[in-house]
Amino acid sequence: MDLDAVRTFVTAAEAGQFQEAAAELAVSQQAVSKRIAALERTLGVRLFTRTPRGAELTIDGQAFLPHARELLRVAERAVESVRIGRRPLRVDVLTSRGAASGLLRGFHRAHPEVELDVVMLFGIDTAIAAIRSGAIDASFRAVTMPGRPLPDDIESARVLDEPLQLLTGPAHVLAGARSVPLTELAGHRIWMPGIVPGTEWAAYYDDLVAEFGLTIEATGPNFGADALLDTVADTPALATFMGGDTRLVWPTDHGLRRIPVIDPMPVYPHSLLWRRGNPHPALATLRTHLADTASTPDAPGTWTPDWARPH
């Protein structure tokens, strides 16, 4: 149904004359007549009866009028829902417990006036496709993977280098260490069932293993963080890597230890990705906030893969 014709009908019904409706709509009286005639053909009924005083609604016109007004109200609400700055900013954070989620919570505390929709997508390819289609406005990712540069219409900014920590149970041989050099982890079993081949975090750990001779096992089903913590707490031979800004809670009797890794300190590079030219004003606010709070990338004494660089 032509909304211009519906709007013309409502205006003419309220004015009582096609001439006054034409003046209000800034069109010719002939245009008003044509729109009304087209709407009547669509509906299969007469909406107006011409009188010496102007135009009066028929019974069908009277029945249609409240619905026509509602159609226009619905159309206006639909436009408002996508008008720039009126809809929430949609941001992908991968996991609710991760560092990116913490960054977004910090932004929300600093800018409570900005409406947010938080989504969790799997894998960088899915996230980039959602950014390019407009399904989301931004995503926190490790930028890209070796040999797979970002598309030209996607921009990125490094916003956080998150230190990795070694998580052990109380009976692990390293449980009492205040810190552990990265090179001394060679020969220790590090269990990370959440590593999925083809993801950006898998590429990160592949490079970490190759450069420092580590043993990372991704075997077994991934039952989530709670099951991982239970197993590490109960198994002296296993440890795992955990982001230093990852929020975790476990029973006190687990006795888990979070041990800093040093010389060098491996850091996971978090970047914000967005589509070039995205006009949402809250995206600019988010980018400014993250730039003001960002850690210094590639600080001395840290390690991250060479490919994890801003676009």
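I shall start with one residue in this predicted model: Arg132 is partly exposed, at 45% relative accessibility. Its salt-bridge partner is Asp153, with N and O 3.1 Å apart. The two residues link distant parts of the chain, 21 residues apart: Arg132 sits in helix α6 (residues 124-133), and Asp153 in the loop between β5 (138-141) and β6 (154-168). Asp153 is likewise partly exposed, with a relative accessibility of 24%. A further group, Asp92, Arg141 and Glu200, is joined into one network by salt bridges that share partners.

In total, the structure holds 15 salt bridges. Another one pairs Arg7 with Asp4, where the closest N and O atoms are 3.4 Å apart. These residues lie three positions apart in helix α1, so about one helical turn separates Arg7 from Asp4. Arg7 has a relative accessible area of 33%, and Asp4 has 41%. Arg53 and Glu56 also form a salt bridge, at 3.1 Å between the closest N and O atoms. Here Arg53 is exposed, at 64%, whereas Glu56 is partly exposed, at 38%.

Helix α1 spans residues 3-15 and includes Leu3. Together with Met1 and Leu71, Leu3 forms a nonpolar surface patch of about 270 Å² of accessible area.

Finally, the chain as a whole. It has nine helices and 13 strands. How does its radius of gyration stand against that of a compact globule of 311 residues? The chain has 30 Å, while such a globule would be near 19 Å. The C-alpha atoms fill a box of roughly 100 × 40 × 35 Å along the principal axes. Buried residues account for 42% of the 311.

Note on methods. Residues are numbered from 1 along each chain as its sequence is written. This is a predicted model: local features need pLDDT of at least 70, side-chain atom pairs count only at pLDDT 80 or more; totals for chains, interfaces and linings use all residues. Side-chain values use heavy atoms; hydrogens and water are left out. Patches are made of residues with over 30% relative accessible area and no salt bridge: like charges are joined within 9 Å, nonpolar side chains (Val, Leu, Ile, Met, Phe, Trp, Tyr) within 5 Å. Accessible areas come from the Shrake-Rupley method with a 1.4 Å probe; for residues, only the protein chains shown count as cover. A salt bridge is a side-chain nitrogen of Lys or Arg within 4 Å of a carboxyl oxygen of Asp or Glu. Helices (H or I, at least four residues) and strands (E, at least two) are DSSP runs, numbered from the N terminus. The radius of gyration is taken over C-alpha atoms; the globule rule is 2.2 Å times the number of residues to the power 0.38. Buried means under 20% relative accessible area, exposed over 50%, partly exposed in between (1.4 Å probe, protein chains only).
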